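Please look over the sequence and the three-dimensional structure shown here before reading the briefing. It is written for someone meeting such a structure for the first time.

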Amino acid sequence: MTGRFDLPEADAFTRTYWDAAAEGRLLIRRCGACGRAHHYPREFCPHCWSEDVTWETASGRATLYTWSVVHRNDLPPFSDRVPYVAAVVELAEGPRMMTEIVVAAPHRDGEDVGLSGGADLEVVFREGVPVFRPVAGG
Ligand code: ZN
């Protein structure tokens with residue numbers, strides 16, 4: 001396998017998102033009608049269906065909502081990465097996001113990877129893909 005095969009294919013709309021990610025910025029979408037943010041980016045607001053939605057750079061801070069250690073995944077690139085921590089995080093701006101948590105030793109003591117619900121996280125970018133890691137001391 002070559003290249004950045006774990007990036008979803010970018011169309012004209014999501015290219016903005018991936019271009020920002022390549023520069024180390026996490027973008028979310030903010031609705032001008034109801035004021036709520038959402039993720040993954042859509043061209044209209046999933047809360048009120050307004051098309052008055054604009055890009056906003058997220059703080060990159062989040063809290064851990066739910067996670068599980070994945071020990072087996074036959075799909076590349078994940079097959080080369082097991083075990084890894086798949087998670088849903090809640091961004092500081094509100095939206096929940098499916099992502100991966102970078103931890104030092106995801107295999108340590110089975111499921112015990114030193115994570116707990118509500119843990120403070122920050123975004124980091126791995127080959128242009130946003131993932132999260134625990135905030136030191138948090
Ligand atoms: Zn809305």
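The points below go from the whole chain to its sheets, its metal site and a few backbone details.

This is a predicted model, in which local features need pLDDT of at least 70 and side-chain atom pairs count only at pLDDT 80 or more, while totals for chains, interfaces and linings use all residues. Residues are numbered from 1 along each chain as its sequence is written, and side-chain values use heavy atoms, with hydrogens and water left out. The protein chain has one helix and eight strands, where helices (H or I, at least four residues) and strands (E, at least two) are DSSP runs numbered from the N terminus.

**The chain as a whole**

- Read from the N terminus, the elements follow the order α-β-β-β-β-β-β-β-β.
- Of the 138 residues in the protein chain, 38% are buried; here buried means under 20% relative accessible area, exposed means over 50%, and partly exposed lies in between, with a 1.4 Å probe and protein chains only.
- The accessible surface of the protein chain comes to about 7900 Å², and carbon and sulfur atoms account for 49% of that surface; such areas come from the Shrake-Rupley method with a 1.4 Å probe, and for residues only the protein chains shown count as cover.
- Among contacts between residues at least 6 apart in sequence, 51% join residues at least 24 apart, a contact being heavy atoms within 4.5 Å.

**Strands and their partners**

- Three strands form an open sheet with antiparallel pairing, in the order β2-β1-β3, and two strands are said to pair if DSSP finds at least two bridges between them.
- The edge strands of this sheet are β2 and β3, each of which pairs on one side only.
- Strands β1 and β2 are joined in the antiparallel sense by two bridges, and R29 has H38 in β2 as its bridge partner.
- Elsewhere, β4 (residues 61-70) pairs with β7 in the antiparallel sense over three bridges, with T63 standing opposite D120 in β7.
- Strand β7 also runs antiparallel to β8, to which six bridges join it; L121 has P134 in β8 as its bridge partner.

**The zinc site**

- Which residues coordinate the zinc ion? The SG atoms of C31, C34, C45 and C48 do so, at 2.3 Å, where donors are N, O and S atoms within 2.8 Å of the metal (3.2 Å for Na, K and Ca); water is not among the atoms, so sites may look incomplete.
- The arrangement is tetrahedral because the four donor atoms subtend angles of 106 to 117° around the zinc ion; four donors count as tetrahedral if all angles lie between 85 and 135 degrees.
- Along the sequence, the donor residues are spaced C-x2-C-x10-C-x2-C.
- C31 counts as buried because its relative accessible area is 2%, and C45 is buried at 0%, whereas C34 is partly exposed at 34%.
- By the distance rule the count of disulfides is zero, a disulfide being a pair of cysteine sulfur atoms within 2.5 Å.
- S50 is placed in the loop between β2 and β3, and at 16% relative accessibility S50 counts as buried.
- Leaving aside residues up to four places away in sequence, S50 touches C31, A33, F44 and C45.

**Backbone details to look for**

- Most residues other than glycine have a negative phi, and most peptide bonds are trans.
- A cis peptide bond, with omega about -5°, joins H39 and Y40, and Y40 lies in the loop between β2 (37-38) and β3 (53-57).
- W49, a residue other than glycine, has a positive phi near 70°; W49 is found in the loop between β2 and β3 and counts as exposed because its relative accessibility is 59%.
- E127 is not a glycine either, yet its phi is positive, at about 55°.
- The place of E127 is the loop between β7 (120-126) and β8 (129-134), in a hairpin with two residues between the strands.
- Is E127 buried or exposed? At 55% relative accessibility, E127 counts as exposed.

Note on methods. Four donors count as tetrahedral if all angles lie between 85 and 135 degrees; four count as square planar and six as octahedral if opposite donors are over 155 degrees apart and all others between 65 and 115; anything else is irregular.
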